[in-house]
Amino acid sequence: MHIKSKRMEVFKPSVFTGLKYLKQDYTKKTGKDTIDFSIGSPNIAPEPSIMKVMQESVMVPENYKYAITDLPQMKEAIHDWYKNRYDVELEPNEMVCLQGSQEALSTLFLATCDQGDIVLVPDPYYPIFSDGPKIAGATVEYMPLLEENGYLIDFDAIDPEIAQKAKMMIVSYPNNPTCAIAPDSFYEELIAFAKKYDIMVLHDNAYSELVFDGKIGKSFLSFEGAKEIGIELNSFSKTFGMAGARLGVCVGNKDIIEVYSTLKSNMDYGIFLPVQFAGIEALRHGGQGIHSTCQAYQDRRDVLVKEFAEVGWIIPKSPATMFSWAKIPDHYEDSKAFVLDLLEKTGIVVTPGQAFGKQGERYVRLALVQDESAIKEAARRLKETHFFK
């Protein structure tokens with residue numbers, strides 16, 4: 001049988017699947033545990049009230065029926081959150097719930113792009129930014145994010161002929177994996193660029209609540225003209241610790257929301273009702289947990305930067321997200337070679353930057369998902385093995 005479709009020829013197993021097997025091999029060979037900084041899976045639980053609502057909701061028999069559409073009170077809670085948090089006014093037809101924001105990043109392009117349409121994607125990129133358009137048969141053109149530019153998209157560097165043909169553009173700040181944040185002037189330039197070339201913008205705002213050192217994350221939609229050309233994704237995973245209870249929102253341009261909602265109505269039966277009730281509780285009363293979660297990641301960042309610097313690994317302080325983005329030493333061929341050597345000698349697991357695109361070849365990403373004691377143990381292993389000496 002010829003099983004694999006042609007579209008699958010561009011896909012390989014996830015980098016995290018490969019790292020999982022490498023971890024297993026290390027433990028089997030050495031008998032030691034790894035310290036895993038690879039996957040950005042939050043290990044900070046939701047506020048107790050969120051879990052309590054979920055617990056109570058799953059015991060209600062009628063909550064096991066198809067949801068079909070978003071609960072009206074869910075949309076009310078999203079409206080109020082966006083108004084109070086970002087000063088953005090949303091109408092009911094300008095929002096739709098997701099089974100995690102990854103759902104939209106995987107399938108939205110099926111509703112908006114035809115075979116060969118161009119989608120502009122930043123490089124480095126969160127993998128689904130590139131894979132989602134490819135699933136729909138779109139052509140991806142990459143926009144390099146360079147350290148010397150603060151990892152911001154350089155609109156002047158985009159070929160006008162490509163911009164003229166582009167259908168969509170993916171943007172995400174605070175950025176995964178580079179951790180960069182964008183100034184207001186960037187969003188103003190983005191909107192002007194999108195209007196000039198008639199490009200739809202998809203802004204992934206998963207990390208707006210994980211901005212450090214007293215700064216406040218913003219919404220793309222809070223800038224004038226944004227709703228005319230784009231949508232924004234927001235996630236309950238990082239903000240409220242609900243990563244396993246898949247829930248996200250897609251908000252903004254009503255025409256894009258309408259066409260995507262039509263696609264979704266033919267693909268699923270809505271979000272499990274107990275998850276929606278937990279999401280409502282999160283939006284209504286989960287605010288305190290946001291601050292403590294953000295502080296926990298900031299504290300981990302500070303410990304990692306300090307402890308690793310003392311053993312020779314200089315890592316910049318991330319301004320946002322739950323990650324650190326670090327350069328590798330010059331003598332390594334690329335980030336994959338560095339990752340393999342680091343694991344073999346220390347049992348520390350990080351993600352090779354080239355898994356996020358060509359521009360990540362000389363970098364690695366560390367997820368701040370280990371507590372401070374594990375971070376210090378990783379530093380001890382680096383010191384003990386003289387890894388950076």
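Visitor: Which helices each supply at least two residues of the lining of the largest pocket?

Guide: Rolling a probe the size of a water molecule over the atoms shows where empty space is left. In this predicted model, the helices that each give at least two residues to the lining of the largest pocket are H1 (15-30), H4 (101-112), H5 (127-135), H9 (236-240) and H13 (335-346). The largest share comes from H5, with 6 residues.

Visitor: How many residues line the largest pocket, and which lie nearest its centre?

Guide: The lining has 50 residues, and Ser 14, Val 15, Phe 16, Pro 127 and Ala 355 lie nearest the centre of the largest pocket. The space inside comes to about 1400 Å³.

Visitor: How do the residues of that lining divide into nonpolar, polar and charged?

Guide: For the largest pocket, the lining holds 24 nonpolar, 15 polar and 11 charged residues.

Visitor: Thanks! What volume does the second largest pocket have?

Guide: Its volume is about 290 Å³. The second largest pocket is lined by 18 residues, with Glu 209, Lys 215, Ile 216, His 291 and Cys 294 the closest to its centre. Helices H3 (72-86) and H12 (287-310) each contribute at least two lining residues here, and H12 has the largest share, 6 residues. Sorted by class, this lining is made up of 7 nonpolar, 7 polar and 4 charged residues.

Visitor: Which residues line the largest cavity?

Guide: Ile 78, Trp 81, Asn 234, Ser 235, Phe 236, Thr 239, Phe 240, Val 249 and Leu 283 form its lining. H3, strand S7 (230-235) and H9 each supply at least two of the lining residues, and the largest share, 3 residues, is from H9. The classes are 6 nonpolar and 3 polar, with no charged residues.

Visitor: Why does Tyr 269 count as partly exposed?

Guide: Partly exposed covers the range between buried, under 20% relative accessible area, and exposed, over 50%. Tyr 269 counts as partly exposed because its relative accessibility is 48%.

Terms used. Residues are numbered from 1 along each chain as its sequence is written. This is a predicted model: local features need pLDDT of at least 70, side-chain atom pairs count only at pLDDT 80 or more; totals for chains, interfaces and linings use all residues. Side-chain values use heavy atoms; hydrogens and water are left out. Buried means under 20% relative accessible area, exposed over 50%, partly exposed in between (1.4 Å probe, protein chains only). On a 1 Å grid over the protein atoms alone, a cavity is a set of points where a 1.4 Å probe fits but cannot get out, and a pocket is an open set with protein on both sides within 12 Å along at least five of seven lines; lining residues have an atom within 4 Å of a point. Grid points are joined across faces, edges and corners, and a volume is the space filled by probe spheres set on the points. Helices (H or I, at least four residues) and strands (E, at least two) are DSSP runs, numbered from the N terminus. Ala, Val, Leu, Ile, Met, Phe, Trp, Tyr, Cys and Pro count as nonpolar, Asp, Glu, Lys and Arg as charged, and the others, Gly among them, as polar.
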